[in-house]
Amino acid sequence: MGLFEQPLKDVTRLENDNQLPAFIYTYACREDELSLCQLETRSFFGKQAQANILKSTIQIEPDRSPFIKERIEVLYHGDSLPHILEQVSHIQMFEATFKVIFVKINDLEPADKIEYDERRAIEREIGMHIEGEADIHKPDHVFGIIALGGRWYFGNYMRNKAVWLHHMKKPRNYSIALSTRVARAAANIAVPDPLGVKAIDPCCGIGTVLVEALSMGIDIVGRDINPFIARGARENIAHFGFEGNVTLGDISDITASYDVAIIDMPYNLFSTTTPEEQFSILQHARRIASKVIVITIESIDEMIANAGLTIADRGVAKKGLFSRQILVCT
């Protein structure tokens, strides 16, 4: 019996039941990014993706994450593809064109994997059941079909446009600055939901985290003790058309309170920051924010505990033999 020849049962139209909207996300990351990807995923959804795929009622724009590859906003689901065909026949596109994409990432068993030619056949078959004109090159609307947990899901498809890649071309750069991918993930880990959240990067350097956070609509301000570096951060922010406040001064002088602080600990041969000064930074971060994201190349668990902070979660970002720890502290 073929994929389209199975008997119909348990046909479900999501918009006609009382379930919350569902979203399915697929992921793509390198092995050395896996820990950081998982930490970001836990921050967004409270759970990790399994087999690079995750279903949630939480809506995240794919462009926010350096690891989310695509998202399907579920419209229909059923036990088999014939269930989907019966349901998509209700779609009327009127004057709009459409395209159907079979999402390659799924949790099908190896024996059930669907090869390229059959995926294209499934896309065409679904398209034939939709009332409208298909356009595989420049469609007005894109739908996706995906297998997950023994069921099939169909809905609005959105692909990550990797907007952060543009931010790599900063006018002012720094050899030890965070990569845009790590900075973007750190901003998401710090502020998974920007609504009503005030954030600060009190050791902002050239503003790599600030640029990524501001590009996602996060309410964040920056600060740095070095006037040359602070000026570079302002230049980078302005270069991408964002508006962000970067002040000059030490973290100890901050009197305002924030929901979260992001601390990329100063390091390398050019940094004169002592362990005592690092400890002071952590103490003041705890004073001004209820949640602190610490990025460090050293193991500073004891220092964090002595500063009155508790590590709630952690991840590692690797690059060759070099690695950074990303610590979520409360």
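Q: What share of the 330 residues in the chain is buried?
A: Buried residues make up 47% of the 330 residues in this chain. The model is a predicted one. A residue counts as buried when its relative accessible area is under 20%.

Q: How many helices and strands does the chain have, and what box do its C-alpha atoms fill?
A: The secondary structure comes to eight helices and 15 strands. Taken along the principal axes, the box filled by the C-alpha atoms is roughly 70 × 40 × 40 Å. Among contacts with a separation of 6 or more, 73% are between residues 24 or more positions apart.

Q: Which residues touch the most other members of the largest nonpolar core?
A: In soluble globular proteins, nonpolar side chains tend to be buried together. Here the largest nonpolar core has 44 residues, and those touching the most other members are Tyr25, Tyr27, Leu36, Ile218, Ile220, Ile293 and Ile326. Elements that each supply at least two residues of this core include strand 2 (23–27), helix 1 (34–45), helix 5 (208–215), helix 6 (227–239) and strand 13 (289–296). Helix 4 gives the largest share, seven residues. Another core, of 22 residues, lies apart from this one, and Ile251, Ile263, Leu282 and Cys329 are among its members.

Q: Which residues is isoleucine 293 in contact with, beyond its neighbours within four places in sequence?
A: Isoleucine 293 is in contact with Ile189, Ala190, Val260, Ala261, Ile262, Ile263, Ile326, Leu327 and Val328.

Q: Is helix 4 mostly covered or mostly uncovered?
A: Ten of the eleven residues of helix 4 are buried, and the helix is thus mostly covered. The buried residues include Val182, Arg184, Asn188 and Ile189. Among the elements that cover them are helix 1, helix 5, strand 12, strand 13, strand 14 (311–319) and strand 15.

Q: How should one read the span and the buried residues of helix 1?
A: An α-helix has 3.6 residues a turn, so residues three or four places apart point the same way. At 1.5 Å a residue, the twelve residues of helix 1 should span 16 Å, and this agrees with the 16 Å between its end C-alpha atoms. The buried residues of helix 1 are Leu36, Cys37, Leu39, Glu40, Thr41, Phe44 and Phe45. They pack against strand 2, strand 3 (53–56), helix 4, strand 14 and strand 15. After helix 1 comes glycine 46, with a positive phi near 75°.

Q: Why is serine 56 classed as buried?
A: Serine 56 is classed as buried because its relative accessible area is 8%, and the cut-off is under 20%. This serine has its place in strand 3. Not counting residues up to four places away in sequence, serine 56 touches Pro21, Ala22, Phe23 and Phe45. A polar atom of the serine 56 side chain lies 2.9 Å from the backbone nitrogen of isoleucine 58.

Q: How do strand 9 and strand 10 run, and how many bridges join them?
A: Strand 9 (residues 198–201) and strand 10 (residues 219–224) run parallel, joined by four bridges. In this pairing, alanine 199 stands opposite isoleucine 220. The chain passes from strand 9 through helix 5 to strand 10 in a right-handed β-α-β crossover.

Q: Which strand do three bridges join to strand 10?
A: Three bridges join strand 10 to strand 11 (residues 246–248), and these two strands run parallel. Arginine 223 stands opposite threonine 247 of strand 11. With helix 6, strand 10 and strand 11 make a right-handed β-α-β unit.

Key:
Residues numbered from 1 in each chain as written. Predicted model: local features only at pLDDT ≥ 70, side-chain atom pairs only at ≥ 80, totals over all residues. Heavy atoms only, no water. Core = buried A, V, L, I, M, F, W, Y, C linked by side-chain atoms within 4.5 Å. Buried < 20%, exposed > 50% of the residue type's maximum accessible area, 1.4 Å probe, protein only. Contact = heavy atoms within 4.5 Å. Expected span 1.5 Å × (residues − 1). Polar contact = N/O pair within 3.5 Å; in protein donor to acceptor, adjacent residues only side chain to side chain. Pairing = 2+ DSSP bridges. Right-handed = clockwise from strand over helix to strand, strands pointing away.
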